Amino acid sequence: MAFPVSKCKLMFFAVLFMAAIASGAKLSKSHYYRTCPNLETVVRTKVNEIINADLGMAPGLLRLHFHDCFVRGCDGSVLLDSASNSAEKDAPPNFGSLRGFAEVDAIKATVEKACPGVVSCADILALAARDAVVKVGGKYWSVPLGRKDGFTSSLVEANTSLPSPFMTFPQLVQNFAAVGLNAKDMVILSGGHTIGQAHCAVVIPRLYNFNGVAGATDPSLDPTFANLLRTLCPSDEPLTFVGQMDATNGTFDNNYFKAVKSRRGLFPSDAALITNSFGRRVVNKAAKSPGSFLKDFGKSMVKMGKIGVLTGSAGEIRQVCSAVNSS
(Lines give C-alpha, C1' and ligand atoms only; values in the text may rest on other atoms or scores of the structure.)
Protein backbone atom coordinates (compact mmCIF):
# COMPACT_ATOMS: atom_id res chain seq x y z
CA MET A 1 0.00 0.00 0.00
CA ALA A 2 1.45 3.35 -1.00
CA PHE A 3 1.23 6.45 1.15
CA PRO A 4 1.84 10.17 0.46
CA VAL A 5 5.40 11.09 -0.25
CA SER A 6 7.24 13.44 2.06
CA LYS A 7 7.97 17.04 1.07
CA CYS A 8 11.63 16.18 0.47
CA LYS A 9 10.69 13.22 -1.63
CA LEU A 10 8.27 15.36 -3.62
CA MET A 11 11.10 17.82 -4.37
CA PHE A 12 13.35 14.94 -5.37
CA PHE A 13 10.76 13.59 -7.78
CA ALA A 14 10.20 17.08 -9.15
CA VAL A 15 13.88 17.20 -10.12
CA LEU A 16 13.56 13.77 -11.70
CA PHE A 17 10.50 14.93 -13.59
CA MET A 18 12.38 17.87 -15.09
CA ALA A 19 14.89 15.35 -16.40
CA ALA A 20 11.98 13.26 -17.64
CA ILE A 21 10.63 16.20 -19.62
CA ALA A 22 13.96 16.50 -21.40
CA SER A 23 14.05 12.74 -22.04
CA GLY A 24 10.41 12.67 -23.05
CA ALA A 25 11.16 15.25 -25.72
CA LYS A 26 13.43 12.65 -27.36
CA LEU A 27 10.56 10.24 -27.86
CA SER A 28 9.15 10.19 -31.37
CA LYS A 29 6.17 8.66 -33.13
CA SER A 30 8.54 7.78 -35.99
CA HIS A 31 11.25 6.20 -33.83
CA TYR A 32 10.90 2.71 -35.41
CA TYR A 33 9.87 3.74 -38.92
CA ARG A 34 13.15 2.44 -40.40
CA THR A 35 14.16 -0.25 -37.92
CA CYS A 36 10.74 -1.85 -37.35
CA PRO A 37 8.20 -0.28 -39.72
CA ASN A 38 5.42 -2.79 -38.97
CA LEU A 39 5.81 -2.60 -35.18
CA GLU A 40 2.41 -1.14 -34.37
CA THR A 41 0.60 -3.65 -36.59
CA VAL A 42 2.51 -6.54 -35.00
CA VAL A 43 1.72 -5.39 -31.46
CA ARG A 44 -1.92 -4.54 -32.20
CA THR A 45 -2.54 -7.92 -33.84
CA LYS A 46 -1.08 -9.79 -30.87
CA VAL A 47 -2.94 -7.64 -28.32
CA ASN A 48 -6.23 -8.23 -30.13
CA GLU A 49 -5.54 -11.96 -30.12
CA ILE A 50 -4.80 -11.90 -26.38
CA ILE A 51 -7.95 -9.92 -25.50
CA ASN A 52 -10.12 -12.07 -27.75
CA ALA A 53 -9.00 -15.00 -25.62
CA ASP A 54 -9.40 -13.17 -22.29
CA LEU A 55 -11.28 -9.88 -22.03
CA GLY A 56 -9.75 -9.35 -18.58
CA MET A 57 -6.37 -8.78 -20.18
CA ALA A 58 -7.49 -5.34 -21.41
CA PRO A 59 -7.39 -3.82 -17.91
CA GLY A 60 -4.39 -6.03 -17.14
CA LEU A 61 -2.25 -4.53 -19.90
CA LEU A 62 -3.39 -0.99 -19.11
CA ARG A 63 -2.57 -1.41 -15.41
CA LEU A 64 0.87 -2.86 -16.20
CA HIS A 65 1.87 0.30 -18.07
CA PHE A 66 0.46 2.51 -15.31
CA HIS A 67 2.29 0.65 -12.55
CA ASP A 68 5.48 0.63 -14.60
CA CYS A 69 5.50 4.39 -15.12
CA PHE A 70 4.80 5.32 -11.50
CA VAL A 71 7.90 3.47 -10.24
CA ARG A 72 11.26 4.65 -11.65
CA GLY A 73 9.49 5.94 -14.77
CA CYS A 74 8.32 4.09 -17.90
CA ASP A 75 11.34 1.78 -18.16
CA GLY A 76 9.85 -1.72 -18.10
CA SER A 77 11.08 -2.26 -14.54
CA VAL A 78 7.72 -3.71 -13.48
CA LEU A 79 8.42 -6.70 -15.74
CA LEU A 80 11.72 -7.72 -14.13
CA ASP A 81 11.93 -10.92 -12.05
CA SER A 82 13.89 -11.14 -8.82
CA ALA A 83 15.40 -14.29 -7.32
CA SER A 84 14.93 -12.71 -3.87
CA ASN A 85 11.31 -11.64 -4.52
CA SER A 86 12.29 -7.99 -4.12
CA ALA A 87 11.16 -6.61 -7.49
CA GLU A 88 8.23 -4.30 -8.21
CA LYS A 89 6.01 -7.22 -9.19
CA ASP A 90 6.55 -8.69 -5.69
CA ALA A 91 5.26 -5.59 -3.87
CA PRO A 92 1.86 -5.88 -2.13
CA PRO A 93 0.10 -3.48 -4.54
CA ASN A 94 1.17 -5.75 -7.43
CA PHE A 95 1.66 -9.30 -6.16
CA GLY A 96 -1.25 -11.54 -7.03
CA SER A 97 -3.25 -8.81 -8.77
CA LEU A 98 -1.05 -7.41 -11.53
CA ARG A 99 -1.70 -9.38 -14.72
CA GLY A 100 -0.21 -9.64 -18.17
CA PHE A 101 3.41 -10.66 -17.65
CA ALA A 102 3.17 -13.80 -19.80
CA GLU A 103 1.17 -11.90 -22.39
CA VAL A 104 3.82 -9.15 -22.64
CA ASP A 105 6.44 -11.89 -23.05
CA ALA A 106 4.36 -13.27 -25.94
CA ILE A 107 4.10 -9.84 -27.55
CA LYS A 108 7.84 -9.32 -27.15
CA ALA A 109 8.59 -12.71 -28.73
CA THR A 110 6.41 -11.83 -31.72
CA VAL A 111 8.11 -8.45 -32.08
CA GLU A 112 11.54 -10.09 -31.82
CA LYS A 113 10.70 -12.35 -34.75
CA ALA A 114 9.89 -9.31 -36.85
CA CYS A 115 12.61 -6.96 -35.58
CA PRO A 116 15.28 -8.68 -33.47
CA GLY A 117 16.94 -6.58 -30.77
CA VAL A 118 15.28 -3.32 -31.74
CA VAL A 119 12.16 -2.65 -29.64
CA SER A 120 12.20 -2.11 -25.88
CA CYS A 121 9.84 -3.77 -23.43
CA ALA A 122 8.95 -0.29 -22.13
CA ASP A 123 7.71 0.71 -25.58
CA ILE A 124 5.80 -2.55 -25.91
CA LEU A 125 4.01 -1.77 -22.63
CA ALA A 126 3.02 1.68 -23.89
CA LEU A 127 1.72 0.33 -27.20
CA ALA A 128 -0.07 -2.64 -25.61
CA ALA A 129 -1.87 -0.37 -23.13
CA ARG A 130 -3.12 1.86 -25.95
CA ASP A 131 -4.17 -1.06 -28.13
CA ALA A 132 -5.94 -2.76 -25.21
CA VAL A 133 -8.01 0.39 -24.57
CA VAL A 134 -8.87 0.75 -28.26
CA LYS A 135 -9.82 -2.92 -28.51
CA VAL A 136 -12.54 -2.50 -25.87
CA GLY A 137 -14.01 0.75 -27.14
CA GLY A 138 -11.54 3.51 -26.29
CA LYS A 139 -10.21 6.20 -28.60
CA TYR A 140 -6.88 5.80 -30.41
CA TRP A 141 -3.97 8.05 -29.45
CA SER A 142 -0.50 8.24 -30.98
CA VAL A 143 2.23 6.78 -28.75
CA PRO A 144 5.64 8.49 -28.84
CA LEU A 145 8.35 5.81 -28.85
CA GLY A 146 12.04 5.41 -28.14
CA ARG A 147 12.11 4.32 -24.49
CA LYS A 148 14.91 2.10 -23.26
CA ASP A 149 14.59 -0.59 -20.59
CA GLY A 150 15.94 -0.07 -17.09
CA PHE A 151 18.19 -2.31 -15.02
CA THR A 152 16.62 -2.07 -11.57
CA SER A 153 13.29 -3.06 -10.02
CA SER A 154 12.48 -2.38 -6.38
CA LEU A 155 9.69 -3.68 -4.16
CA VAL A 156 10.36 -0.85 -1.71
CA GLU A 157 9.99 1.81 -4.40
CA ALA A 158 6.75 0.25 -5.63
CA ASN A 159 5.35 0.36 -2.09
CA THR A 160 6.15 4.05 -1.69
CA SER A 161 5.39 5.28 -5.22
CA LEU A 162 2.15 3.64 -6.33
CA PRO A 163 -1.12 5.36 -5.44
CA SER A 164 -3.31 3.53 -2.94
CA PRO A 165 -7.04 2.87 -3.38
CA PHE A 166 -7.46 4.28 0.13
CA MET A 167 -5.99 7.72 -0.62
CA THR A 168 -7.87 10.98 -0.13
CA PHE A 169 -8.09 13.63 -2.86
CA PRO A 170 -5.14 15.67 -1.52
CA GLN A 171 -3.05 12.51 -1.16
CA LEU A 172 -3.85 11.48 -4.73
CA VAL A 173 -2.94 14.93 -6.05
CA GLN A 174 0.37 14.81 -4.19
CA ASN A 175 1.12 11.28 -5.40
CA PHE A 176 0.52 12.19 -9.05
CA ALA A 177 2.36 15.50 -8.71
CA ALA A 178 5.44 13.54 -7.60
CA VAL A 179 5.68 12.15 -11.14
CA GLY A 180 4.69 15.36 -12.91
CA LEU A 181 0.98 14.72 -13.41
CA ASN A 182 -1.63 17.28 -12.37
CA ALA A 183 -5.00 16.95 -10.66
CA LYS A 184 -6.88 16.69 -13.95
CA ASP A 185 -4.56 13.90 -15.13
CA MET A 186 -5.24 12.10 -11.86
CA VAL A 187 -9.02 12.25 -12.22
CA ILE A 188 -8.99 11.40 -15.93
CA LEU A 189 -6.58 8.47 -15.53
CA SER A 190 -8.80 7.14 -12.74
CA GLY A 191 -11.28 6.60 -15.57
CA GLY A 192 -9.24 3.54 -16.53
CA HIS A 193 -11.24 1.84 -13.78
CA THR A 194 -14.09 1.66 -16.29
CA ILE A 195 -12.67 -1.70 -17.42
CA GLY A 196 -11.30 -2.71 -14.02
CA GLN A 197 -12.23 -5.26 -11.38
CA ALA A 198 -11.59 -5.32 -7.67
CA HIS A 199 -11.20 -7.69 -4.75
CA CYS A 200 -13.61 -7.35 -1.85
CA ALA A 201 -10.63 -6.52 0.39
CA VAL A 202 -10.76 -2.93 -0.85
CA VAL A 203 -14.52 -2.65 -0.41
CA ILE A 204 -15.08 -4.44 2.92
CA PRO A 205 -13.70 -1.58 5.09
CA ARG A 206 -16.39 0.68 3.59
CA LEU A 207 -19.21 -1.78 4.33
CA TYR A 208 -18.57 -3.06 7.82
CA ASN A 209 -17.51 -1.15 10.94
CA PHE A 210 -16.47 1.88 8.89
CA ASN A 211 -13.78 3.91 10.69
CA GLY A 212 -13.98 1.49 13.61
CA VAL A 213 -17.64 2.19 14.36
CA ALA A 214 -19.58 -1.04 14.92
CA GLY A 215 -22.12 -1.64 12.15
CA ALA A 216 -21.27 1.60 10.34
CA THR A 217 -21.12 1.95 6.54
CA ASP A 218 -19.18 4.59 4.62
CA PRO A 219 -21.73 7.41 4.28
CA SER A 220 -20.23 8.42 0.92
CA LEU A 221 -21.62 5.18 -0.59
CA ASP A 222 -25.09 5.16 -2.10
CA PRO A 223 -27.12 3.09 0.45
CA THR A 224 -28.73 0.88 -2.18
CA PHE A 225 -25.35 0.21 -3.74
CA ALA A 226 -23.88 -0.55 -0.31
CA ASN A 227 -26.59 -3.15 0.27
CA LEU A 228 -25.75 -4.77 -3.06
CA LEU A 229 -22.04 -4.81 -2.23
CA ARG A 230 -22.73 -6.55 1.09
CA THR A 231 -24.34 -9.42 -0.81
CA LEU A 232 -21.26 -9.67 -3.02
CA CYS A 233 -18.66 -9.14 -0.29
CA PRO A 234 -19.30 -10.89 3.04
CA SER A 235 -17.06 -9.46 5.74
CA ASP A 236 -14.98 -12.65 5.93
CA GLU A 237 -14.29 -13.07 2.19
CA PRO A 238 -11.71 -10.41 1.22
CA LEU A 239 -10.31 -12.41 -1.71
CA THR A 240 -13.64 -12.62 -3.54
CA PHE A 241 -13.91 -10.60 -6.74
CA VAL A 242 -16.56 -7.93 -6.44
CA GLY A 243 -16.50 -7.73 -10.23
CA GLN A 244 -17.24 -4.74 -12.41
CA MET A 245 -16.48 -1.15 -11.48
CA ASP A 246 -19.23 0.36 -13.62
CA ALA A 247 -22.36 -0.73 -15.48
CA THR A 248 -20.55 -1.54 -18.74
CA ASN A 249 -17.47 -3.31 -17.41
CA GLY A 250 -15.45 -4.61 -20.34
CA THR A 251 -16.21 -1.52 -22.44
CA PHE A 252 -13.98 1.53 -22.23
CA ASP A 253 -16.41 4.41 -21.79
CA ASN A 254 -17.38 7.17 -19.36
CA ASN A 255 -19.77 5.11 -17.23
CA TYR A 256 -17.18 4.97 -14.45
CA PHE A 257 -17.63 8.71 -13.95
CA LYS A 258 -21.41 8.32 -13.93
CA ALA A 259 -20.97 5.74 -11.16
CA VAL A 260 -18.64 8.00 -9.17
CA LYS A 261 -21.04 10.92 -9.56
CA SER A 262 -23.85 8.69 -8.24
CA ARG A 263 -21.73 7.66 -5.21
CA ARG A 264 -21.25 4.17 -6.64
CA GLY A 265 -17.46 4.14 -6.93
CA LEU A 266 -15.93 1.02 -5.43
CA PHE A 267 -12.66 2.34 -4.03
CA PRO A 268 -12.33 5.02 -1.37
CA SER A 269 -10.10 6.79 -3.91
CA ASP A 270 -13.00 6.72 -6.41
CA ALA A 271 -15.29 8.36 -3.87
CA ALA A 272 -12.52 10.88 -3.08
CA LEU A 273 -12.72 12.35 -6.59
CA ILE A 274 -15.93 14.21 -5.75
CA THR A 275 -14.84 15.46 -2.34
CA ASN A 276 -13.06 18.36 -4.01
CA SER A 277 -14.68 21.08 -6.14
CA PHE A 278 -12.15 20.76 -8.96
CA GLY A 279 -12.44 16.98 -8.92
CA ARG A 280 -16.23 17.24 -9.11
CA ARG A 281 -16.01 19.51 -12.14
CA VAL A 282 -13.76 17.07 -13.99
CA VAL A 283 -15.95 14.10 -13.00
CA ASN A 284 -19.14 15.91 -14.07
CA LYS A 285 -17.69 16.88 -17.44
CA ALA A 286 -16.39 13.36 -18.10
CA ALA A 287 -19.74 11.87 -17.08
CA LYS A 288 -21.60 14.24 -19.38
CA SER A 289 -19.30 14.06 -22.41
CA PRO A 290 -17.85 10.65 -23.39
CA GLY A 291 -15.97 12.17 -26.32
CA SER A 292 -14.28 14.71 -24.09
CA PHE A 293 -13.23 12.01 -21.61
CA LEU A 294 -11.79 9.70 -24.27
CA LYS A 295 -9.80 12.54 -25.81
CA ASP A 296 -8.51 13.68 -22.42
CA PHE A 297 -7.60 10.13 -21.46
CA GLY A 298 -5.34 9.79 -24.48
CA LYS A 299 -3.64 13.10 -23.68
CA SER A 300 -2.99 12.08 -20.07
CA MET A 301 -1.71 8.66 -21.15
CA VAL A 302 0.82 10.30 -23.48
CA LYS A 303 1.92 12.55 -20.62
CA MET A 304 2.17 9.59 -18.24
CA GLY A 305 4.12 7.62 -20.84
CA LYS A 306 6.91 10.23 -20.73
CA ILE A 307 7.58 9.89 -16.99
CA GLY A 308 11.27 9.28 -16.30
CA VAL A 309 12.00 7.61 -19.63
CA LEU A 310 15.45 6.35 -20.54
CA THR A 311 16.55 7.24 -24.07
CA GLY A 312 19.67 7.34 -26.20
CA SER A 313 22.64 5.70 -24.46
CA ALA A 314 20.72 5.21 -21.19
CA GLY A 315 19.15 1.82 -20.53
CA GLU A 316 19.07 -1.11 -22.94
CA ILE A 317 16.84 -3.12 -25.26
CA ARG A 318 16.12 -6.28 -23.29
CA GLN A 319 16.18 -9.59 -25.10
CA VAL A 320 13.45 -10.88 -22.78
CA CYS A 321 11.29 -8.58 -20.71
CA SER A 322 11.69 -10.37 -17.38
CA ALA A 323 15.48 -10.11 -17.17
CA VAL A 324 18.25 -7.63 -17.92
CA ASN A 325 20.64 -8.65 -20.66
CA SER A 326 23.74 -10.59 -19.66
CA SER A 327 26.91 -8.51 -19.81
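Student: How many disulfides does the count come to here?

Tutor: The count comes to four disulfides in this predicted model, and with the bonded cysteines of the chain numbered in sequence order, the pairing runs 1-4, 2-3, 5-8, 6-7.

Student: Let's take Cys36 and Cys115; how far apart are their sulfur atoms?

Tutor: The sulfur atoms of Cys36 and Cys115 lie 2.0 Å apart, and the two residues form a disulfide. The torsion about the S-S bond of this pair is 80 degrees, and the link of Cys36 and Cys115 is right-handed.

Student: And which parts of the chain does that pair link?

Tutor: The pair links distant parts of the chain, 79 residues apart: Cys36 sits in the loop between helix 1 (7-24) and helix 2 (39-53), while Cys115 sits in the loop between helix 4 (101-114) and helix 5 (121-135).

Student: Are Cys36 and Cys115 buried or exposed?

Tutor: Cys36 and Cys115 are both buried.

Student: What about Cys121, which cysteine is joined to that one?

Tutor: Cys121 is joined to Cys321 by a disulfide with an S to S distance of 2.1 Å. The torsion about the S-S bond of Cys121 and Cys321 is about -95 degrees, so this disulfide is left-handed.

Student: Where do Cys121 and Cys321 lie?

Tutor: Cys121 lies in helix 5 and Cys321 in the segment after helix 14, so the pair ties together parts of the chain that are 200 residues apart in sequence. As for burial, Cys121 has a relative accessibility of 0% and counts as buried, and Cys321, at 1% relative accessibility, counts as buried too.

Student: Which way is the link of Cys200 and Cys233 handed?

Tutor: The link of Cys200 and Cys233 is left-handed, with -75 degrees about the S-S bond, and the S to S distance of this disulfide is 2.0 Å. Cys200 lies in helix 9 (residues 200-207) and Cys233 in the loop between helix 10 (223-232) and strand 2 (241-244), so this pair ties together parts that are 33 residues apart in sequence. Both Cys200 and Cys233 are buried.

Student: Switching to charges, how many salt bridges does the structure hold?

Tutor: The structure holds 12 salt bridges. Among them is the one that Lys89 forms with Asp81, where the closest N and O atoms are 2.5 Å apart; Lys89 is buried, with a relative accessible area of 15%.

Student: Which side chain does Lys184 meet in a salt bridge?

Tutor: The side chain of Lys184 meets that of Asp296 in a salt bridge, at 3.5 Å from N to O. This pair links distant parts of the chain, since Lys184 is in helix 8 (residues 183-190) and Asp296 in helix 14, 112 residues apart. Lys184 counts as partly exposed at 34% relative accessibility, whereas Asp296 is buried, with a relative accessible area of 11%.

Student: And where are Asp222 and Arg264?

Tutor: The side chains of Asp222 and Arg264 meet in a salt bridge as well, at 3.2 Å from N to O. This pair also links distant parts of the chain, 42 residues apart, with Asp222 in the loop between helix 9 and helix 10 and Arg264 in the loop between helix 11 (255-261) and helix 12 (268-272). Asp222 is buried, with a relative accessible area of 16%, while Arg264 is partly exposed, with a relative accessible area of 32%.

Student: Which residues are linked in a network of salt bridges?

Tutor: Glu40, Arg130 and Asp131 are linked in such a network of salt bridges.

Student: Last topic, the surface: which residues form the positive patch?

Tutor: Lys139, Lys285, Lys295 and Lys299 form a positive surface patch.

Student: Why does Lys299 count as exposed, and where is it found?

Tutor: Lys299 counts as exposed because its relative accessible area is 53%, where exposed means over 50%, and Lys299 is found in helix 14 (residues 290-304).

Terms used. Residues numbered from 1 in each chain as written. Predicted model: local features only at pLDDT ≥ 70, side-chain atom pairs only at ≥ 80, totals over all residues. Heavy atoms only, no water. Patch = residues over 30% accessible without salt bridge, like charges linked within 9 Å, V, L, I, M, F, W, Y side chains within 5 Å. Areas by Shrake-Rupley, 256 points an atom, 1.4 Å probe, with all protein chains shown as cover. Salt bridge = Lys/Arg side-chain N within 4 Å of Asp/Glu carboxyl O. Lys, Arg positive; Asp, Glu negative; His and termini not counted. Charge placed at Lys NZ, Arg CZ, Asp CG, Glu CD. Helix = DSSP H or I, 4+ residues; strand = E, 2+ residues; numbered from the N terminus. Buried < 20%, exposed > 50% of the residue type's maximum accessible area, 1.4 Å probe, protein only. Disulfide = S-S within 2.5 Å.
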